[in-house]
Amino acid sequence: MDESETAFVFDVDGTLVASSLQLTNDNRETLLRFSEAMPTYLISGSEFEKTRWQIGDLVFKPVRGVFNCNGNSFRVGGLTVFQSSFDLTDELAAFLQELLAGSGFPLRTGRHIDRRAGLVNFSVVGRNADLSERRQYVAWDQAKGERKRIAELINRQFGDLVSAQVAGETGIDLVEPGKDKGRVYRFLKDPFHCLRTGYAHAGFARIAFFGDNCHPGGNDYPLAMRLDQRVDTCHKVASIGDTYRTLNRILSDAA
């Protein structure tokens, strides 16, 4: 396989770094070597500044581009190429408040509805939660399956207006239908499609995608499902260590 014709696309939280944390030194070195050698793109549900903080400027320099807010914002070298907008209807916002009030999880930290470019993140524990509080909610959600149930409720009642997907460790991402990570597929493969944004490239023959939420209902699933199984590759990683073992293997094979 000619790696120069392959776009390597990485989810961030849970794939390259622990959720809401920064790269470790060893992983930073591996990701830097990889992004210098291979066409590398990042895609995250978070906003740009958080992704930049997590990855670090050193690794950011050789990265070809960064898709944030599940592909609703795209930057190259820190400069915005395109950015979408989206907000909740009053009815949907009220429904989220009902879901928040109805949750059996006892802790609330604030910023439960977080508006981003083309995306709204909903979190029962709240975006202000510290690491210990996040871990409490992760354990709760694993036992109760709350986020999956909430996403299904939102999709059932508001599926014509919004698509809700489990994201990261504590949140649920809400986007307009079709404006999810799956949109990145056409952008990277079809050079004519992306010309309208002012970002020109020749188009990649293949995509290799790394994500930890590739299951139905996860926010990596739309891109995983768009991949052409004849030529593309989906690495459904089970851990961050799984990602870096694969990267080291690819680098070793290419040497």
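**Entry 1: salt bridges**

I began with Arg52, which forms a salt bridge with Asp57 at 2.7 Å between the closest N and O atoms, a salt bridge being a side-chain nitrogen of Lys or Arg within 4 Å of a carboxyl oxygen of Asp or Glu. I am working on a predicted model, in which local features need pLDDT of at least 70, side-chain atom pairs count only at pLDDT 80 or more, and totals for chains, interfaces and linings use all residues. Residues are numbered from 1 along each chain as its sequence is written, and side-chain values use heavy atoms, with hydrogens and water left out.

I then looked up the accessibility of the pair: Arg52 is partly exposed at 33% relative accessibility, and Asp57 is partly exposed at 40% (buried means under 20% relative accessible area, exposed over 50%, partly exposed in between, with a 1.4 Å probe and protein chains only).

By the salt-bridge rule I noted a count of 13. One of them joins Arg206 to Glu5, with the closest N and O atoms 3.8 Å apart. Arg206 lies in strand 10 (residues 206-211) and Glu5 in the segment before strand 1 (6-11), so this pair ties together parts that are 201 residues apart in sequence; for these elements, helices (H or I, at least four residues) and strands (E, at least two) are DSSP runs numbered from the N terminus. Arg206 is buried, with a relative accessible area of 16%, whereas Glu5 is partly exposed at 37%.

I also looked up Glu176 and Lys179, whose side chains meet in a salt bridge at 3.7 Å, N to O. Glu176 is partly exposed at 27% relative accessibility, and Lys179 is partly exposed at 29%. Elsewhere, salt bridges that share partners join Asp11, Lys181 and Asp220 into one network.

**Entry 2: helix 4 against helix 6**

I took up the pair formed by helix 4 (residues 90-102) and helix 6 (residues 146-158), whose axes come within 12 Å and cross at roughly 150°. The axes are lines fitted to C-alpha atoms, for helices over the stretch in contact, and the angles run from 0 to 180 degrees between N-to-C directions. Helix 4 is therefore roughly antiparallel to helix 6, since angles under 35 degrees count as roughly parallel, over 145 as roughly antiparallel, 65 to 115 as roughly perpendicular and the rest as oblique.

For the contact (heavy atoms within 4.5 Å), I listed Glu91, Leu92, Phe95, Leu96 and Leu99 on helix 4, and Ile150, Leu153, Ile154, Gln157 and Phe158 on helix 6. These residues divide into 8 nonpolar, 1 polar and 1 charged, where Ala, Val, Leu, Ile, Met, Phe, Trp, Tyr, Cys and Pro count as nonpolar, Asp, Glu, Lys and Arg as charged, and the others, Gly among them, as polar.

**Entry 3: backbone and loops**

Most residues other than glycine have a negative phi. I noted a positive phi for Ser20, near 65°, and found Ser20 in the loop between strand 1 and helix 1 (25-37), where it is buried at 17% relative accessibility. Cys69 likewise has a positive phi, of about 50°; Cys69 lies in the loop between strand 3 (65-68) and strand 4 (73-76) and is buried, with a relative accessible area of 2%.

Finally I looked up His215, in the loop between strand 10 and helix 9 (221-226), which is partly exposed at 40% relative accessible area. His215 and Met225 are 10 residues apart in sequence and 9.5 Å apart in space, C-alpha to C-alpha.
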